Amino acid sequence: MVLQINNFNLLISTSRFNEDNAKAELWFTLLVCGVKYPIISQLNYSGILSAFINQDPREIINLIKEILRKDPKFFQYILKVIPIDFVCETNTDMIKELVHKYYKDYINSDETFMINLKRRKSIIIERETFIQKIASVINNKVNLTNPDKIIWIEVLGNRCGISFIRNNDVLTTNQVDS
């Protein structure tokens, strides 16, 4: 069943047509990590799930990384898990306002940043104009090769997930030792 997303704090990727398997794998893994009542939703995009958990997503990702360090073959279907800090309507002005309001809570004044935009079949957002508009409200220096923080923006139809992350905040199953 494909659900309409409204709120989530984890975004999960899997291979196409393995969404149900990844959903079961995620549910089990979250229970092992002590998460009670995770809400996991399949989205209108192949290979993408969202989840809402009642705990800090970065702490849970770190617990999952520990599991994967001990057993690198633990995941069969999950490829990547991204923590999400904010969910809003896919509206450039709203996203810009949200980033402007909160970026200083996540990015220190001496840290560099880059914007990573993922548009899944979205014609709503034009990449270059959007990135320039969002970057214009941030006073920090840009570093496209090795930034201290990444403003990760996932456009999922009419909803958008925004994260202020370090590279090692994202769990990728082919790189669990980060």
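Me: Which residue in β8 stands opposite valine 155?
Reply: Valine 155 faces cysteine 160 in β8. This is a predicted model, in which local features need pLDDT of at least 70 and side-chain atom pairs count only at pLDDT 80 or more, while totals for chains, interfaces and linings use all residues. Residues are numbered from 1 along each chain as its sequence is written, and side-chain values use heavy atoms, with hydrogens and water left out.

Me: Why is cysteine 88 called buried?
Reply: Buried means under 20% relative accessible area, exposed over 50%, and partly exposed in between, with a 1.4 Å probe and protein chains only. Cysteine 88 has a relative accessibility of 5% and so counts as buried. Cysteine 160, with a relative accessible area of 0%, is buried as well.

Me: How many residues of β7 are buried?
Reply: Eight of the eight residues in β7 are buried. Lys149, Ile151, Ile153 and Val155 point one way from the strand, whereas Ile150, Trp152, Glu154 and Leu156 point the other way. In β6, five of seven residues are buried, and that strand is mostly covered.

Me: How do β6 and β7 run where bridges join them?
Reply: They run parallel, joined by seven bridges, with β7 covering residues 149-156. Phenylalanine 113 has lysine 149 in β7 as its bridge partner, and lysine 118 stands opposite glutamate 154.

Me: Why are β5 and β6 said to stand at the edges of their sheet?
Reply: The sheet is open, with four strands in the order β5-β8-β7-β6 and mixed pairing. β5 (86-89) and β6 (113-119) each have a single partner strand, so one side of each is left without a neighbour in the sheet. For β5 there are four antiparallel bridges with β8 (residues 159-165), and phenylalanine 86 is partnered there by isoleucine 162.

Me: What is the order of the five strands in the open sheet with antiparallel pairing?
Reply: The order is β2-β3-β1-β4-β9. Its edges are β2 (39-42) and β9 (171-172), because each has a single partner strand. Five bridges join β1 (residues 10-14) to β4 (residues 78-83), running antiparallel, and leucine 11 stands opposite isoleucine 82 in β4.

Me: Which residues of α3 meet residues of α4?
Reply: Contact means heavy atoms within 4.5 Å. Thr92, Asp93, Ile95, Lys96 and Val99 in α3 meet Phe130, Lys133 and Ile134 in α4. These divide into four nonpolar, one polar and three charged, where Ala, Val, Leu, Ile, Met, Phe, Trp, Tyr, Cys and Pro count as nonpolar, Asp, Glu, Lys and Arg as charged, and the others, Gly among them, as polar.

Me: Is isoleucine 134 buried or exposed?
Reply: Isoleucine 134 lies in helix α4. Its relative accessibility is 0%, so it counts as buried. Not counting residues up to four places away in sequence, isoleucine 134 touches Thr92, Ile95, Lys96, Val99 and Ile115.

Methods:
Helix = DSSP H or I, 4+ residues; strand = E, 2+ residues; numbered from the N terminus. Pairing = 2+ DSSP bridges.
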